[in-house]
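The following note sets out points for a colleague who is examining the structure shown below.

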Amino acid sequence: MIKVSRSTILDAPVAAVWEVLRDFNGHDRWHPAVDRSALEGGKKTDQVGSVRNFVLGGGERIRERLLSLSDKDRRLRYAIVESDVPLMNYVAEVSLKPVTDGDRTFWSWSSKFEAPKGRERELADLVAEGVYDAGFEAVRARVERRSPASSAPLQRAAGGAAIDGLAMVIDRHGGPEELHPARIAAPPPGPGEVRLHQTAIGVNFIDIYCRSGAFDLLQPPGAPGMEAAGVVVDVGPGVRHLRPGQRVAYACPPVGAYASVRTMAAELVVPLPDSIDAEAAAAGLLKGMSAEFLLHRVHKVQQGETVLVYAPAGGVGRLLCQWAAHLGATVIGATSSEEKARIARAAGARHVILPGTQSLEDQVRDLTQGRGADVIYDAVGRDTFAHSVAALAPCGHLISFGQASGPVGSWDIGSLAASSATVSRPNFAHYTDTPAKVAAITERLFHAIDRRVVTVEIGRRYPLSEAAEAQRALENRETTASTILIPNENEESL
Amino acid sequence: MAQVYTSSVIGASAERVWAAIRDFNALPDWHPAIKESRIEGGGPADQVGCVRAFRLQDGGFIRERLLALSDYDFSCSYSILESPMGVENYVASVKLTPVTDGARCFAEWSAEFDCAQEREAELVALIGNDVFQGGFAALKARFGDA
């Protein structure tokens, strides 16, 4: 019999933590290892005897029965009924107690089980770290109190010098030529802040929208850029999850990543696992996070669904193909050249549609016995929206997440009745506006990268000072895979 | 039946904190409210059933019997035999639980007792704040806050 027992203290009232944990069917909303959770037989989440069905990040399935639930003791017990992971006679207990001294919570998570001979240690570690410790951190990110206004530079730590660097900024919205180098100084980090030496910066279509003014995320003068990776120089008071010298990355507003040094809110920055280098993080974090919430949150892609992906050879498109195929969907890519079609097929697209004598919607219907696509990921916008609506299966879901060809414009929603369609227009910012959301998304993404469910490919590298050229190439659809900018050490003394 | 529950987090392993508090006769060594203590009959302090007689800093005299002691669970329970507080059927427990993600432990101190109804709130506050929380504060000062 193996016994595993883990515990932690959360800086949150016990009632708030219990509200999260008593939901027997809620792990998919917070636990990084759990992709999906469903209760069998229409039972309730707090019905003792109910059975939850987990699908883990790697596709493994686990069924667990609720053995006891006590709101009085804030304790629940559950047992594994059936599992792809060989944990036998597994019974676990989750228990919360109030820390009256400071209104915090003591959380204990323990279990007893048996494992196949020779795998005891591995499975005990998996349960202790992969399940319990990872769960602690995910719930901690959701419930812990945060120091207010950590991005406000009002209470800068006294002393310490600013670090000079280079940024690519615009003084007004416009074309790529508006981007020009400027000398900047990254101040010492204030409370809740971190200062980074950036070593690789991702280039994304959203940067172009910010530069042109299509999105109002960047009010000139300022630097565009949503993602970068680098090394922590120093941290301000109250920052506990980062330390100097640590390899980190971020992908989120506020914009300003086109810089060699940056001081920013530490809660937006995540440590990088050893398996992911800085260039891969800069190239893949924003696109990977986008793919994560597009496939797992905006629409939960299910096995057997038909998914149409535009630009399947592009940064996000390739990841969507890989991940959707891994989830068991039939992926159709829609692209413009045989070269890009090859990339799409390699990424998991079962079919690829090229421009031809037939319309896109007719080609999709030919490939789906006339049904159409259940889910369509369309970041092309104006040129494709009508085709996408026409290519939807009954009750299909069109997810318009970009507008590379221009704004979609006004539509009569009556036209959606032809397929009882749902249209979503997700905004990256709303899926990544809290540290808890970022933590949950990056957990699943890093896990997927680790297991090579998705792979990050770098197409072109440009010096930071050539950001305009990098954006121009992206805008002209000359690129495949991801484009990154590399700050040059010498540029810092511009 | 009145109930008091106080808990804290102390900045050392459960083993280290337990080593300081398991001695039923050692209250004066770590609790600021206790002046002196002895085991009646001179027996060992970890003999279940033994009685400690101790004097508070303010002069009050209390006798308590050790009901249970567990080095496995880092816990002990005791009852009050005699005290100036006006409580009956008073049984208290102290328990430490390891916190696995750092050198710290979760400490609980609770009690149940009967008393005159009009004095219940006052006694709950006295026991919870002065006795239990006062003890935790001293342990945190010694081992660290966590």
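1. Helices, of at least four residues, and strands, of at least two, are DSSP runs numbered from the N terminus. The model under discussion is predicted. On that basis, chain A contains 12 helices and 22 strands. Of the 494 residues in chain A, 49% are buried. Considering contacts in chain A between residues at least 6 apart in sequence, 64% join residues at least 24 apart.

2. One open sheet of chain A is built from 6 strands in the order β17-β16-β15-β18-β19-β20, with parallel pairing. Its edge strands are β17 (351-353) and β20 (422-424) of chain A, each of which pairs on one side only. From one strand to the next, the twist averages 20°. Helix α6 (residues 315-326) of chain A packs on this sheet and touches β15 (306-310), β16 (330-334) and β18 of chain A. The direction of α6 makes about 165° with that of β15(A).

3. β15(A) pairs with β16(A) in the parallel sense over 5 bridges. A:V307 has A:V331 as its bridge partner in β16(A).

4. A further pair in the sheet is formed by strand β18 (residues 373-378) and strand β19 (residues 392-400) of chain A, which run parallel and share 5 bridges. Here A:Y377 stands opposite A:I399 in β19(A).

5. Helix α8 (residues 360-367) of chain A has A:L360, A:Q363 and A:V364 as buried residues. These three lie on the same side of α8(A) because they cover an arc of only 100° around the axis. The elements covering the buried residues of α8(A) include β15, β16, β17, β18 and α9 (385-391) of chain A. Just after α8(A), A:Q369 adopts a positive phi of about 50°.

6. Which strands pair with β10(A) in the antiparallel sense over 5 bridges, 7 bridges and 3 bridges? Strand β13 (residues 261-265) of chain A pairs with β10(A) over 5 bridges, and A:E193 has A:A265 as its bridge partner in β13(A). Strand β11 (residues 227-235) of chain A pairs with β10(A) over 7 bridges, with A:H197 opposite A:V231 in β11(A). Strand β22 (residues 482-486) of chain A pairs with β10(A) over 3 bridges, and there A:I201 stands opposite A:L485 in β22(A). Strand β10 (residues 193-203) of chain A is itself mostly covered, since 10 of its 11 residues are buried.

7. In soluble globular proteins, nonpolar side chains tend to be buried together. In this model the largest nonpolar core has 182 residues, of which A:A249, A:A282 and A:L320 touch the most other members. Helix α5 (residues 278-298) of chain A gives the most to this core, with 12 residues. Leaving aside residues up to four places away in sequence, A:A249 touches A:A228, A:A229, A:V270, A:L272, A:A281, A:A282 and A:L285.

8. How many residues of chain A are in contact with chain B? Contact is made by 14 residues of chain A with 14 residues of chain B. On the side of chain A that touches chain B, the elements giving two or more residues are β1 (2-10), β6 (88-99), β7 (104-114) and α3 (120-143) of chain A. Of these, β1(A) gives the most, with 5 residues. The residues on this side of chain A comprise 5 nonpolar, 5 polar and 4 charged.

9. In chain B, helix α1 (residues 14-21) has B:A14, B:V17, B:W18 and B:I21 as its buried residues. Why do they lie on the same side of α1(B)? They do so because they cover an arc of only 100° around the axis. Among the elements that cover these buried residues of α1(B) are β1 (2-10), α2 (27-30), β6 (88-99), β7 (104-114) and α3 (120-143) of chain B.

Conventions. Residues are numbered from 1 along each chain as its sequence is written. Chains are lettered from A and ligands numbered from 1 in the order in which they are written. This is a predicted model: local features need pLDDT of at least 70, side-chain atom pairs count only at pLDDT 80 or more; totals for chains, interfaces and linings use all residues. Two strands pair if DSSP finds at least two bridges between them. Axes are lines fitted to C-alpha atoms, for helices over the stretch in contact, and angles run from 0 to 180 degrees between N-to-C directions. Two residues are in contact if their C-beta atoms, placed from the backbone, lie within 7 Å. Ala, Val, Leu, Ile, Met, Phe, Trp, Tyr, Cys and Pro count as nonpolar, Asp, Glu, Lys and Arg as charged, and the others, Gly among them, as polar. A residue is buried if 20 or more other C-beta atoms lie within 10 Å of its own, exposed if 12 or fewer, and partly exposed in between; C-beta atoms are placed from the backbone. The arc is that of the directions from the helix axis to the C-beta atoms. A nonpolar core is a set of buried Ala, Val, Leu, Ile, Met, Phe, Trp, Tyr and Cys residues joined through C-beta atoms within 7 Å.
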